[in-house]
Structure formats: C-alpha cells, structure tokens
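Reader: I would like to learn how to read a protein model. Could we take one feature after another?

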Amino acid sequence: MTSIWKNVLAAIRTQVTTENYKTYFRPIQSGRLVGNIFVLQVTDSFFGDWIREHYLDLITNAVHTVCGHEYAVEIETIDAPINAKEEIVQPTKAVEPTHQ
C-alpha cells in the first residue's frame, strides 16, 4: 500500500503547486485497502475535513490512474505517533501590576 501511495503522490505532484503538495499531501499517510476502498490516514480531523472538501476528487482520480481501478477514497483520522505530538505548554499566570 505504501508504494501505491507513493505513486499516487507522484501523480498528484504534477497537478498542484510545490507549496500545496508539501502542505496538503505529504502529511497524508497511506492506510490500507479494504475491498474497493482506498483508506488514507491523517492525524487531525480538521485537516482531514479540509482535504475531503478540497482535494478528494483529485486524490480519487490519481488513485484510479495509478491503480487502473476505481476505488472509493476514505480519509480517516488517527492518533499522531507520540514523538510527533507537540508538548502542550500551559500558559503562565500573568502578574498583576502593582498600583502605587
């Protein structure tokens, strides 16, 4: 599945700007093939929704071109690997100015 996704990415790369490719397609991970469903994975639900809304047709067409078969494409949200998660930093309490 990973090699198929790399070929799909190569097909997509020729159709979008370098900036869009790096921003929107490189973060997508290959998932699995379930029957006629090509499942891709993202680590953020907002990002997944954005990809579905703006690029699902492009991805679906690229999958068809690379595989020679029409697959439905689904994007699922998964937990980010622990080393990829950013540490959550709690804001410090603001110090109230003293009035003299």
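Reader: How many helices and strands are in the chain?

Author: Helices (H or I, at least four residues) and strands (E, at least two) are DSSP runs, numbered from the N terminus. The chain has 3 helices and 3 strands. From the N terminus on, their order is α-α-β-β-α-β. This is a predicted model, in which local features need pLDDT of at least 70 and side-chain atom pairs count only at pLDDT 80 or more, while totals for chains, interfaces and linings use all residues. Residues are numbered from 1 along each chain as its sequence is written, and side-chain values use heavy atoms, with hydrogens and water left out.

Reader: How do strands pair, and in which sense do β1 and β2 pair?

Author: Two strands pair if DSSP finds at least two bridges between them. β1 and β2 pair in the antiparallel sense, over 5 bridges. V34 stands opposite I37 in β2. The two strands form a hairpin with 2 residues between them. In the turn, G35 has a positive phi of about 60°.

Reader: What share of the residues is buried?

Author: Buried means under 20% relative accessible area, exposed means over 50%, and partly exposed lies in between (1.4 Å probe, protein chains only). Buried residues make up 27% of the 100 residues in the chain. Areas come from the Shrake-Rupley method with a 1.4 Å probe; for residues, only the protein chains shown count as cover. The chain exposes about 7400 Å². Carbon and sulfur atoms supply 50% of that area.

Reader: Is F38 buried or exposed?

Author: F38 has 1% relative accessibility, so F38 counts as buried. F38 sits in strand β2 (residues 37–42).

Reader: Which residues does F38 touch?

Author: Contact means heavy atoms within 4.5 Å. Leave out residues up to four places away in sequence, and F38 touches M1, I4, W5, R32, L33, V63, Y71, A72, V73 and E74. Look at E74. F38 and E74 are 36 residues apart in sequence, yet 6.2 Å apart in space, C-alpha to C-alpha.

Reader: What share of the contacts joins residues at least 24 apart?

Author: Count contacts between residues at least 6 apart in sequence. Of these, 64% join residues at least 24 apart.

Reader: Which side chain makes a polar contact with that of S30?

Author: A polar contact is a pair of N or O atoms within 3.5 Å; within protein, one must be able to donate a hydrogen and the other to accept it, and residues adjacent in sequence count only if both atoms are side-chain atoms. The side chains of S30 and T2 are joined by such a contact, at 3.3 Å.

Reader: How many salt bridges are there?

Author: A salt bridge is a side-chain nitrogen of Lys or Arg within 4 Å of a carboxyl oxygen of Asp or Glu. The count is 2. One joins E76 and R32, with the closest N and O atoms 2.7 Å apart. E76 lies in strand β3 (residues 72–77) and R32 in strand β1, so the pair ties together parts that are 44 residues apart in sequence. E76 is partly exposed at 24%, and R32 is partly exposed at 37%.

Reader: Where do D49 and R52 lie?

Author: Both lie in helix α3, 3 residues apart, about one turn of the helix. D49 forms a salt bridge with R52, and the closest N and O atoms are 2.7 Å apart. D49 is partly exposed at 46%. R52 is partly exposed at 31%.

Reader: How is a pair of aromatic rings described?

Author: Use the distance of the centres and the angle of the planes. Rings of Phe, Tyr and Trp (its six-membered ring) pair if their centres lie within 6.5 Å; planes under 30 degrees apart count as stacked, over 60 as edge-to-face and the rest as tilted. The count here is 6 aromatic pairs. The rings of Y24 and W50 have centres 4.4 Å apart and planes at 10°, so this pair is stacked. Y24 is in helix α2 (residues 18–25) and W50 in helix α3 (residues 45–67), 26 residues apart.

Reader: Why is the pair of Y24 and Y55 tilted?

Author: Their ring centres are 5.8 Å apart and their planes are at 40°, so the pair is tilted. Y55 is buried at 12% relative accessibility. Y24, F25, W50 and Y55 form one aromatic cluster.
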